[in-house]
Amino acid sequence: MNEIEYYKAIESIGIVVSDEMKQQFLLYKNLIQEVNKVLNLTGIDDDEGIYLKHFYDSLLISPMIKTNATVCDIGSGAGFPGIVLAIARPDIHMTCVEPTTKRTTFLTRVVEECGLNNVTVLNERAEDIIDTYRESFDVSTARAVAYLDILSELCLPFVKLGGVFIAMKGSKGLEEFDEAKKAVKILGGELLKAHQFNDDIMGERYNLEITKIKKTPKKYPRSYAKIKKTPLSREAS
C-alpha cells in the first residue's frame, strides 16, 4: 500500500483527510524509520508496510469510536493504534499508556513534532494508574499486546459503563475470545461484535468490540505478575 492508496483507503472508512493530516502522517512515518535504526520500535519499517500494517490496520477500529470520545491505548509501543488514531481523529482525546521509557520518549517526540494537542503520553504500567483512571474512558484499546484474557483485565477496568474495549487481534481472535469469555464477563464486559477483516498481505484479523455492561470489581486489575501467572479465565474455571 503506497501513500496515495492509503489515503483512498482511509477515506473509504470515513476519515476526512486534510493537508495537515498528510503532513503529520509523513512526519510520523519518517520518525519511525529514523528512530528504528537505533531503537527496536518495529520489525516493519518500509513505507508500504507502515502504511498498510501499522497505519491502515490501526484505523480499522475508527468507525467503532464515537465523535469526541476519550480513548486509552494500553501498551502503545510505537503508537499503534494510539498515535495513528490521534492524527486521523483530531476530535478524540488519546491517552497512550506505555511502560517502556525509550518508547514513551519516542511517543512524546512524535506528539511534539506533529503538533498533536489531543494526546497524553503516560510512562506507566496500566495496573499502576488504575486508581486515577478507573472507568474514566469511553474506549480502551490494545493491539497485539497479550492474550485476550490477560488484556481484558488490563483494559476493561479503564472503560466507563456503556463504553467499549476494542481488542485488535489476528486470525485466532475468536478462539481467544472463547477462552477469555469468563474473564470478560467477570470484568463487566460482553462481546458486542467481532469485526472480521481479510487482506492478502495482513491475512485474517478480528477487531473484537466488547461493551462494558457492569462495573469492574475494584480488586481488578491485579498485579501484572499475577495476571500473567494465573489469567482470570483460568482462575475462574
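Figure 1. Pro221 is located in the loop that runs between strand E7 (203-212) and helix H9 (224-229). The structure shown here and in the following views is a predicted model. The peptide bond that leads from Tyr220 to Pro221 is cis, and its omega is near 5°. A cis bond is also found from Phe80 to Pro81, where omega is near 10°. Pro81 belongs to the loop between E1 and H4.

**Figure 2. The stacked rings of Tyr28 and Phe55.** The structure contains twelve aromatic pairs. In the pair formed by Tyr28 and Phe55, the ring centres are 5.2 Å apart and the planes are at 20° to each other, a stacked arrangement. Tyr28 is part of helix H2 (residues 19-35) and Phe55 is part of helix H3 (residues 47-59), so that the pair links distant parts of the chain, 27 residues apart. Tyr28 and Phe55 are both buried.

**Figure 3. The tilted rings of Tyr28 and Phe80.** Tyr28 also forms an aromatic pair with Phe80; this pair is tilted, with 6.2 Å from centre to centre and 40° between the planes. Because Tyr28 lies in helix H2 and Phe80 in the loop between strand E1 (70-74) and helix H4 (82-88), the pair ties together parts that are 52 residues apart in sequence. Both Tyr28 and Phe80 are buried. Phe80 is also the residue from which the cis peptide bond to Pro81 runs.

**Figure 4. The aromatic cluster and the lysine over Tyr7.** Tyr6, Tyr7, Phe25, Tyr28, Tyr51, Phe55 and Phe80 are linked into a cluster by ring pairs. Lys22 is placed over the face of Tyr7, at 5.5 Å from the ring centre.

Figure 5. Val17 is situated in the loop between H1 and H2. Its relative accessibility is 19%, and Val17 therefore counts as buried, the cut-off being under 20%. Apart from neighbours within four places in sequence, Val17 is in contact with Tyr7, Ile10, Glu11 and Lys22. The C-alpha atoms of Val17 and Ala88 are separated by 7.5 Å, although these residues are 71 residues apart along the chain.

**Figure 6. Packing of helices H1 and H3.** The axes of helix H1 (residues 3-11) and H3 come within 11 Å and cross at roughly 15°. With this angle, H1 is roughly parallel to H3, because angles under 35 degrees are classed in this way. The crossing of the two helices is right-handed. On the H1 side, the contact is made by Glu3, Tyr6, Ala9 and Ile10; on the H3 side, it is made by Tyr51, Phe55, Tyr56 and Leu59. Among these contact residues, Tyr6, Tyr51 and Phe55 are also members of the aromatic cluster.

**Figure 7. Packing of helices H7 and H8.** Helix H7 (residues 148-155) and helix H8 (residues 173-186) have axes that come within 8 Å and cross at roughly 40°. This crossing is right-handed. H7 contributes Leu148, Asp149 and Ser152 to the contact, and H8 contributes Glu176, Phe177, Ala180, Ala183 and Val184. H7 is mostly covered, with eight of its eight residues buried. These buried residues are Leu148, Asp149, Ile150, Leu151, Ser152, Glu153, Leu154 and Cys155.

Figure 8. Asn68 is a residue other than glycine and has a positive phi, near 65°. Asn68 is found in the loop between H3 and E1. With a relative accessible area of 56%, Asn68 is exposed. Glu135, which is not a glycine either, has a positive phi of about 50°. Glu135 lies in the loop between H6 and strand E4 (137-143). Glu135 is buried, its relative accessible area being 17%.

Figure 9. Thr104 is located in helix H5 (residues 101-114). Its relative accessible area is 6%, so Thr104 is buried. Beyond neighbours within four places in sequence, Thr104 is in contact with Glu98, Val121, Leu122 and Asn123. Thr132 lies in helix H6 (residues 130-133). Thr132 has 61% relative accessibility and therefore counts as exposed. The C-alpha atoms of Thr132 and Phe158 are separated by 9.6 Å, and the two residues are 26 residues apart along the chain.

Methods
Residues numbered from 1 in each chain as written. Predicted model: local features only at pLDDT ≥ 70, side-chain atom pairs only at ≥ 80, totals over all residues. Heavy atoms only, no water. Phe/Tyr/Trp six-rings, centres within 6.5 Å; stacked < 30°, edge-to-face > 60°. Helix = DSSP H or I, 4+ residues; strand = E, 2+ residues; numbered from the N terminus. Buried < 20%, exposed > 50% of the residue type's maximum accessible area, 1.4 Å probe, protein only. Lys NZ or Arg CZ within 6 Å of the ring centre and 35° of its normal. Axes fitted to C-alpha atoms, helices over the stretch in contact; angles between N-to-C directions. Parallel < 35°, antiparallel > 145°, perpendicular 65-115°, else oblique. Left-handed = near helix turned anticlockwise from the far one by under 90°. Contact = heavy atoms within 4.5 Å.
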